[in-house]
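Have the structure open while you read.

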Amino acid sequence: MRSNPERRAALVDAAIEVLAELGARGLTFRAVDSRAGVPPGTASNYFANRDDLLAQAGGRFYERLTPDDESLAQSLGGPHDRDHLVGLMREVVGRITEFRTGFLALLELRLEATRRPELRAVLTERIRADLDFNVANHLDAGMPGDATTVRVLYLALNWLIVDRLTLPELFSESEIDELIEAAVDRALSG
């Protein structure tokens with residue numbers, strides 16, 4: 001397997017785009033090569049097989065969405081109250097929906113994981129690590145609520161993001177803001 005990290009990242013990014021546009025059935029090495037603008041056969045030199053490519057696409061989504069240390073520190077700064085938490089949740093929903101193809105690719109990967117135990121294991125591990133990271137940051141920062149608050153917000157806001165990306169006319173921007181605020185309030189009241 002080739003080891004050029006920049007080329008590998010470009011190929012995985014291309015795989016994310018292919019997954020979002022064509023779905024898991026459309027994800028072929030040829031489609032990835034074409035999307036990445038590289039010679040035919042390049043992807044097969046970087047990934048052992050299609051399952052390897054699927055797994056790496058799942059991990060890359062989180063790499064691209066993880067805020068840098070400075071952004072993370074800024075988001076956890078300021079007053080640790082309900083209003084700050086609402087602002088953070090709005091930022092998270094905005095950041096994820098801005099990476100539309102990434103989230104749609106992740107949905108495709110999750111569906112594919114129902115048929116591929118190895119992919120399911122990789123995604124479960126990666127998503128669990130992300131959720132545990134968010135719970136730890138929330139608690140360490142002294143934000144209102146507890147670990148369950150973070151998990152409830154994760155569940156509620158993920159589906160709001162799905163609706164926003166797949167049925168964009170379902171809720172207006174003001175309704176989305178109201179729903180985020182309501183989700184925070186309800187998660188905190190539990």
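## H4 and H8

How close do the axes of H4 and H8 come, and at what angle do they cross? The approach is within 9 Å, and the crossing angle is roughly 10°. Keep in mind that this is a predicted model. Angles under 35 degrees count as roughly parallel, so H4 and H8 are roughly parallel to each other. Their crossing is right-handed.

Who does the touching? On the H4 side it's Leu54, Ala55, Gly58, Gly59, Tyr62 and Glu63, and H8 answers with Leu119, Val122, Leu123, Arg126, Ile127 and Asp130. Sorted by class, the contact of H4 with H8 comes out at 7 nonpolar, 2 polar and 3 charged residues.

## Asparagine 137 in H8

Staying with H8, which covers residues 117-141, we find asparagine 137 in that helix. Is asparagine 137 buried or exposed? Its relative accessibility is 18%, and the cut-off for buried is under 20%, so asparagine 137 counts as buried. Leaving out residues up to four places away in sequence, asparagine 137 touches Leu72 and Leu76.

## H7 and H9

Now for another helix pair. H7 spans residues 100-113 and H9 spans residues 147-166; the two pack at an angle of about 110°, with their axes 11 Å apart. The roughly perpendicular range runs from 65 to 115 degrees, which is why H7 counts as roughly perpendicular to H9. The crossing of H7 and H9 is left-handed.

From H7, the residues in the contact are Arg100, Phe103, Leu104, Leu107 and Arg110; they meet Tyr154, Asn158, Ile161, Val162, Leu165 and Thr166 of H9. The class tally for H7 with H9 is 7 nonpolar, 2 polar and 2 charged residues.

Which residues of H1 are buried? They are Leu11, Val12, Asp13, Ala14, Ala15, Ile16, Val18 and Leu19. These buried residues pack against H2 (29-36), H3 (42-46), H4 (50-65) and H7.

How values were computed:
Residues are numbered from 1 along each chain as its sequence is written. This is a predicted model: local features need pLDDT of at least 70, side-chain atom pairs count only at pLDDT 80 or more; totals for chains, interfaces and linings use all residues. Side-chain values use heavy atoms; hydrogens and water are left out. Axes are lines fitted to C-alpha atoms, for helices over the stretch in contact, and angles run from 0 to 180 degrees between N-to-C directions. Helices (H or I, at least four residues) and strands (E, at least two) are DSSP runs, numbered from the N terminus. Angles under 35 degrees count as roughly parallel, over 145 as roughly antiparallel, 65 to 115 as roughly perpendicular and the rest as oblique. A crossing is left-handed if the near helix is turned anticlockwise from the far one by less than a right angle, and right-handed if clockwise. Contact means heavy atoms within 4.5 Å. Ala, Val, Leu, Ile, Met, Phe, Trp, Tyr, Cys and Pro count as nonpolar, Asp, Glu, Lys and Arg as charged, and the others, Gly among them, as polar. Buried means under 20% relative accessible area, exposed over 50%, partly exposed in between (1.4 Å probe, protein chains only).
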